[in-house]
Amino acid sequence: MADPRKLFIKTYGCQMNVYDSERMAEAMGGAGYVETSTPEDADMILLNTCHIREKAAEKVYSELGRFKELKAAKPDLRIGVAGCVAQAEGEEIMRRQPLVDLVVGPQSYHRLPEMEARTSNGAKVVDTDFPEEDKFEKLKKRPQAKRGPTAFLTVQEGCDKFCAFCVVPYTRGAEVSRPVSQVLTEARDLVERGVREITLLGQNVNAYHGAHEGGDWTLATLIRELAKVDGLDRIRFTTSHPNDMDDDLIAAHGEVDKLMPYLHLPVQSGSDRVLKAMNRKHTAESYLRLIERIRAARPDILLSGDFIVGFPGETEEDFADTMALVEAVRYGQCYSFKYSSRPGTPAAERPLVDADAASDRLARLQALLTRQQREIQDEMVGREVGVLFERTGRIEGQMTGKSDYLHAVHVTGDVAVGDLRRVRITESGPNSLGGVLV
Ligand code: SAH
Ligand code: SF4
Ligand code: F3S
């Protein structure tokens with residue numbers, strides 16, 4: 001039998017892309033491909049791209065340029081672009097970079113094997129449809145291979161919120177939830193294959209409304225059902241929108257032991273004027289009140305968020321409101337970005353904030369967020385937390401895992417990958433904690 005052909009996938013962007021890359025690799029497995037981690041070995045290279053900020057989107061072209069020599073040396077090499085840049089730019093990608101053979105948007109991944117076959121005689125293939133059929137149902141099932149202790153599971157995709165800065169509603173399409181039975185089957189299968197922690201994914205995962213006989217299920221109902229799965233020890237979900245945090249989901253944080261005390265709840269800005277211009281449909285005050293309710297249900301919950309600085313029209317006063325909101329919340333972790341104007345979004349028409357002012361605000365915000373993150377991390381010292389071990393550490397004999405609060409924790413001792421153990425935290429470093437087994 002001929003050697004299997006090799007597929008190299010490089011993934012950019014959010015966790016949904018990570019999940020999609022796994023599914024595409026599995027689907028291509030059915031077409032005779034095995035994955036490789038070196039592009040030089042590959043018969044097919046697939047870039048799974050992100051369009052969220054200009055820098056992320058432009059990276060694709062510099063990356064593609066680097067494959068020129070590989071393609072010259074191996075004319076049969078197929079080069080494909082998937083993900084949100086593929087959806088946003090379509091055929092334009094081939095015009096800008098003629099070595100691309102195939103462009104596939106996020107809703108057409110189930111057609112990838114067939115598209116790859118069509119490129120065999122040198123044809124260029126583009127598919128950026130939003131087809132009626134359910135891609136996840138049609139994507140080849142995961143093979144029964146063992147896997148690591150943690151996994152992502154996309155339960156919801158797309159977005160109907162249309163924040164004024166954001167490309168996601170255009171690149172991923174309208175909000176769609178996967179049916180409950182599909183999610184439960186996939187979750188049980190993951191657990192049988194060794195997974196102990198599942199992170200449920202969606203652009204607005206807390207807006208989940210999966211079809212089920214007798215009526216749609218909410219995310220809280222889904223989590224309560226998943227918590228009954230033997231062998232599944234930890235449940236997380238991301239990303240949530242403040243307006244979709246319903247009472248039952250908040251309550252679940254206090255009631256479901258397997259639901260981890262960590263919540264990513266982006267707010268973007270602390271200024272009501274800016275939030276309105278962003279079309280976020282919540283205020284700083286409503287966000288703070290929501291956090292109070294969440295903390296009432298689960299006092300030790302660790303919060304993370306996303307911020308955009310330099311949104312069109314943002315003044316120094318608006319920015320001061322953002323800093324005040326951060327002070328009020330105390331985040332355990334955060335992501336903050338300078339506003340990037342995205343073609344086709346409403347905010348792209350508006351005048352930009354001075355670039356130096358925006359950079360300066362970002363630096364000040366990040367200094368505050370880093371300080372908070374470090375303080376909260378330091379407060380972990382002396383506490384006992386659960387740690388799920390994921391890999392061997394860099395130092396001989398050391399194992400690395402994630403705490404309930406998603407901190408990286410290093411431990412020296414007799415533990416194996418996949419073990420969930422109690423650990424007493426003894427030290428706090430710049431980006432991780434150290435501890436001893438209890
Ligand atoms: N669905 C998630 C966000 C997905 S995008 C939510 O609503 O929270 C991830 C983050 O990228 C956003 O939260 C935002 O902070 C940032 N982002 C999105 N568009 C951006 C843009 N045009 N410029 C800068 N940052 C952006
Ligand atoms: Fe983008 Fe807003 Fe939708 Fe999040 S909620 S994906 S930021 S449009
Ligand atoms: Fe990027 Fe698309 Fe995710 S734009 S953040 S890869 S949904």
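Over residues 145-378 the chain is 39% helix and 17% strand, with end C-alpha atoms 39 Å apart. Helices here are DSSP runs of H or I with at least four residues, and strands are E runs of at least two, numbered from the N terminus. Welcome to a predicted model, in which local features need pLDDT of at least 70, side-chain atom pairs count only at pLDDT 80 or more, and totals for chains, interfaces and linings use all residues. Residues are numbered from 1 along each chain as its sequence is written, chains are lettered from A and ligands numbered from 1 in the order in which they are written, and side-chain values use heavy atoms, leaving out hydrogens and water.

**What the record says**
- An unreviewed UniProt entry lists residues 145-378 as "domain: Radical SAM core".
- The annotation "binding site", also from an unreviewed UniProt entry, covers Cys159, Cys163 and Cys166.
- UniProt positions follow the numbering used here, feature names are shortened, and annotations may be inferred rather than shown by experiment.

**Around ligand 2**
- Its surroundings are Cys159, Lys161, Phe162, Cys163, Phe165, Cys166, Val168, Pro169, Asn204, His241 and Arg280, where a residue counts if one of its heavy atoms lies within 4 Å.
- This shell has seven nonpolar, two polar and two charged residues; Ala, Val, Leu, Ile, Met, Phe, Trp, Tyr, Cys and Pro count as nonpolar, Asp, Glu, Lys and Arg as charged, and the others, Gly among them, as polar.
- Cys159 sits in the loop between β8 (156-157) and α8 (168-171).
- With a relative accessible area of 9%, Cys159 is buried; buried means under 20%, exposed over 50%, and partly exposed in between, using a 1.4 Å probe and protein chains only.

**Around ligand 3**
- Cys14, Asn17, Thr49, Cys50, His51, Ile52, Cys84, Arg172 and Gln203 surround ligand 3.
- Four nonpolar, four polar and one charged residues make up this shell.
- Cys84 counts as buried because its relative accessibility is 9%.

- A search of the whole structure finds zero disulfides, meaning pairs of cysteine sulfur atoms within 2.5 Å.

**Helix α13**
- Ala284, Tyr287, Leu290, Ile291 and Ile294 are the buried residues of α13.
- They lie on the same side of α13 because they cover an arc of only 120 degrees around the axis, taken from the directions from the helix axis to the C-beta atoms.
- On the other side of α13, Glu292 and Ala296 are exposed.
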